[in-house]
Amino acid sequence: MASAYSKDLLLTMYRKMYLLRRFEERAGQQYTLGKIAGFCHLYIGQEAVAVGCNEAIRPDDYMLSAYRDHGQPLARGSDAGMIMAELFGRGSGYSKGKGGSMHIFDIEHHFYGGYGIVGGQIPLAAGMAFAARYRNEDRVTVCFFGDAAANQGAFHETFNMAQKWKLPVIYICENNRYGMGTAIARTSAVPEIHKRASAYGMRGEAVDGMDVLKMYEAVKDAAEYCRAGKGPVLMEANTYRFRGHSMADPANYRTKQEVEDERKNDPIPKLREFAMKQGFNLSDADFEAIEEEEKRAVDAAVKFADESPEPSVEELWRDTIVEPGEEDVRPRERVLGVKVTNWPKYPSGQELKVTWDLEPRAEAEQADKKAGLSR
């Protein structure tokens, strides 16, 4: 029986997940060596969420994340060396070393930032989805956030607005079960976060975030739903981080046995095993070759970051405002000398008009009657 997935897709997913894993392992190592300062939140264990999602959407769809944000831009195709340099606080990083670990930003690949304020990206994603609809685009916005952010007020305010305006946005809660260090069931009256969508008449569903193919299928379907104008989706990706909340977290709120048990569900070997059963004549040597390539790529990224210069003192006063007519700085052109030809361009919006009723009176009156609020 033919596989439902192509060989290229399976190998691409494996390659990207392995890249994410190796990158984060080396980032953790460099943090302990004092090369990375501040906070550093690793994505180890959650790779299937970012990779499955990315392969299911288009390269020009928008993406935002929280402060555990190294994995998503790597999955999008961002340069590993420039991300590592950003973690090192070096001038060759995507934000010239001024963003650091929690604020990766890559416009070229439509990754619009990691955000350090818990839940701060949730309303921003609604704004980007509104902009896409306002411009009559068919782009989808994907917004990642953690389980602890689901108790923020902005979560509820935004969902009400997103559903009211049928915005094309997929909210993916990466539920790794512990927030910062407390089990979600101890802090939430309804720990199944996807169920909260029902309060707004919004589509909500849970998916196995430790299975890259299940993530791929779920996000692919959700993206089609959004592009069809049916409104937003709340997806709860049930996953597990194998390391602490951050590099400063000893994770003593869970047992070693629990972590070892969860490691048996590691998404990377799970995909490898699946792919080898699909009739593509793949061998261990094929996957080992991929692993060696990605190890070398990450080694090169660390070397690049280590040899990159620190930003000058004058950089403190740059990039704080944009002057009228000032062109965008294209990071890979600035750092690597690569000619970027697909830099995003957007209409100003001044020549556009809203093409749908923002406050549909007829629908509101029908809703009132259905709720028994009017006669």
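Helices α1 and α2 are oblique to each other, a term for angles that are not under 35 degrees (roughly parallel), over 145 (roughly antiparallel) or 65 to 115 (roughly perpendicular). The structure is a predicted model, in which local features need pLDDT of at least 70 and side-chain atom pairs count only at pLDDT 80 or more, whereas totals for chains, interfaces and linings use all residues. Residues are numbered from 1 along each chain as its sequence is written, and side-chain values use heavy atoms, with hydrogens and water left out.

The angle between α1 and α2 is about 140 degrees, and their axes are 9 Å apart; axes are lines fitted to C-alpha atoms, for helices over the stretch in contact, with angles running from 0 to 180 degrees between N-to-C directions. The crossing of α1 and α2 is right-handed. Contact (heavy atoms within 4.5 Å) is made by Leu-9, Thr-12, Met-13, Lys-16, Met-17, Leu-20 and Arg-21 of α1 with Glu-47, Ala-48, Ala-50, Val-51, Asn-54 and Glu-55 of α2. By class, 7 nonpolar, 2 polar and 4 charged residues form the contact of α1 with α2.

The axes of α1 and α10 (residues 267-276) come within 10 Å and cross at roughly 160 degrees, which makes α1 roughly antiparallel to α10. The crossing of α1 past α10 is left-handed. On the α1 side, the contact comprises Leu-10, Met-13, Tyr-14, Met-17, Tyr-18 and Arg-21, and on the α10 side Pro-267, Ile-268, Leu-271, Arg-272, Phe-274 and Ala-275. The contact of α1 with α10 has 10 nonpolar, no polar and 2 charged residues.

Gln-46 is located in the loop between α1 (7-32) and α2 (47-56). Gln-46 is buried, with a relative accessible area of 1%, where buried denotes under 20%, exposed over 50% and partly exposed in between (1.4 Å probe, protein chains only). The side chains of Gln-46 and Glu-174 form a polar contact at 3.3 Å. Beyond its neighbours within four places in sequence, Gln-46 is in contact with Arg-68, Glu-174, Asn-176, Thr-239, Tyr-240 and Arg-241.

Arg-90 lies in the loop between α4 (80-88) and β2 (111-114) and is buried, with a relative accessible area of 12%. A polar atom of the Arg-90 side chain lies 3.1 Å from the backbone oxygen of Asp-306. With residues up to four places away in sequence not counted, Arg-90 touches Ala-85, Lys-96, Gly-97, Ala-305, Asp-306, Ser-308, Pro-309, Glu-310 and Pro-311.

How values were computed:
Helix = DSSP H or I, 4+ residues; strand = E, 2+ residues; numbered from the N terminus. Polar contact = N/O pair within 3.5 Å; in protein donor to acceptor, adjacent residues only side chain to side chain. Left-handed = near helix turned anticlockwise from the far one by under 90°. Nonpolar A, V, L, I, M, F, W, Y, C, P; charged D, E, K, R; others polar.
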